[in-house]
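Hi,

Here is the structure I promised to pass on. Have a look at it first, and then read my notes below.

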Amino acid sequence: MRIGAHVDSADPLSEAAARAAEAVQFFLSDPQGWKAPQPREDVDRLRAADVDLYVHAPYVINVATLNNRIRIPSRKLLLGHATAAAGVGAKGLIVHGGHVNAGDDLAVGFDNWRKTFAYAAENGGFALPVLIENTAGGDNACARRLDALARLWDAVGEYEVGFCLDTCHAHAGGEELLDLVDRVKATTGRIDLVHANNSKDAFDSGRDRHDNLGGGRIDPELVVAVIRAADAPVIVETPGGVDGQGADIAFLRDRLGAGSPAA
């Protein structure tokens, strides 16, 4: 089981080494902006590294929305990030499930997801697996609760779509972690990556505020149980930099019986 962390994008491999991480996740551009990824000088190092790489798409991407001024650029930006992520050797591109605005028909949002994969297919397809991530808040979200996730998978199931399970998002979004993996796999058929995060807020709060595994409102042993059941690579997106994330990685290795990278 490969365990790692979300790190600064300037030098992901140095960040991985500092945390004794076997995997890293990072952005290829401003997560709050619309600029396309730029070529990286360290691309050869990244591709040759014995570290699993994952790229997180910008938060601004929302391919579900009925707003053309956001949906159309979102499709193009997602496709561009997939190409760039594949170029650095990433194993997957994580993107949030998105939402529609209040009063809009959520069914159209699910169909817009289908059209996103159809658009990509018309342009050569995504260059690596796209992993849709469950989200914490919003009554009009496409991937907050499992009933919505089932409708989303009905829309995109004809394509090869991956899933990223975030424990903080599930807790804040109103999904109990107990037996969550079985319920998710019954819906999506797969879990490709786990974001192992505790939550600063209460169950079903709708608030996306991550905490370190030993803090927060979630029993850390429940997070461990999710990871064990999912049997997928793990990324912690927790605060505290090297020290905080390094401690979270060490905690998971201890509980999961996973050796260090040097072991």
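Let me start with a strand pairing: β6 and strand β7 (residues 193-195) run parallel and share three bridges. Asp166 sits opposite His195 in β7. For the terms, strands (E, at least two residues) and helices (H or I, at least four) are DSSP runs numbered from the N terminus, and two strands pair if DSSP finds at least two bridges between them.

Before going further, some housekeeping. This is a predicted model, where local features need pLDDT of at least 70, side-chain atom pairs count only at pLDDT 80 or more, and totals for chains, interfaces and linings use all residues. Residues are numbered from 1 along each chain as its sequence is written, and side-chain values use heavy atoms, with hydrogens and water left out.

Back to β6. Strand β5 (residues 130-133) is joined to β6 by three bridges, and the two run parallel. Glu133 stands opposite Cys164 in β6. The chain gets from β5 to β6 through α5, and this β-α-β crossover is right-handed (clockwise from the first strand over the helix to the second, with the strands pointing away from the viewer). Five of the five residues of β6 are buried, so the strand is largely enclosed by the rest of the structure. Buried means under 20% relative accessible area, exposed over 50% and partly exposed in between (1.4 Å probe, protein chains only). Gly162, Cys164 and Asp166 point one way from β6, while Phe163 and Leu165 point the other way.

Next, helix α7 (residues 180-188). Its buried residues are Leu180, Val181, Val184 and Thr188. They cover an arc of only 95 degrees around the axis, which puts them on the same side of α7; the arc is that of the directions from the helix axis to the C-beta atoms. Asp182 and Ala186 are exposed on the other side. The buried residues of α7 pack against α5 (146-156), β6 (162-166), α6 (167-173) and α8 (220-230), with contact meaning heavy atoms within 4.5 Å.

The largest nonpolar core has 72 residues, and Trp113, Leu152, Ile191 and Leu252 have the most contacts inside it. α5 gives the most to this core, with seven residues. A second, separate core of seven residues includes Ala23, Ile94, Leu131 and Ile235. Here a core is a set of buried Ala, Val, Leu, Ile, Met, Phe, Trp, Tyr and Cys residues joined through side-chain atoms within 4.5 Å. Leaving out residues up to four places away in sequence, Leu252 touches Ile3, Ala196, Leu213, Val224, Ile227, Val234 and Val236.

Have a look at Arg253 too, in helix α9 (residues 241-256). Arg253 counts as buried, at 8% relative accessibility, and its side chain makes a polar contact of 3.3 Å with the side chain of Glu22. Such a contact is a pair of N or O atoms within 3.5 Å; within protein, one must be able to donate a hydrogen and the other to accept it, and residues adjacent in sequence count only if both atoms are side-chain atoms.

Lastly, Asp50 lies in the loop between α2 (43-48) and β3 (52-56) and is exposed, with a relative accessible area of 66%.

Cheers
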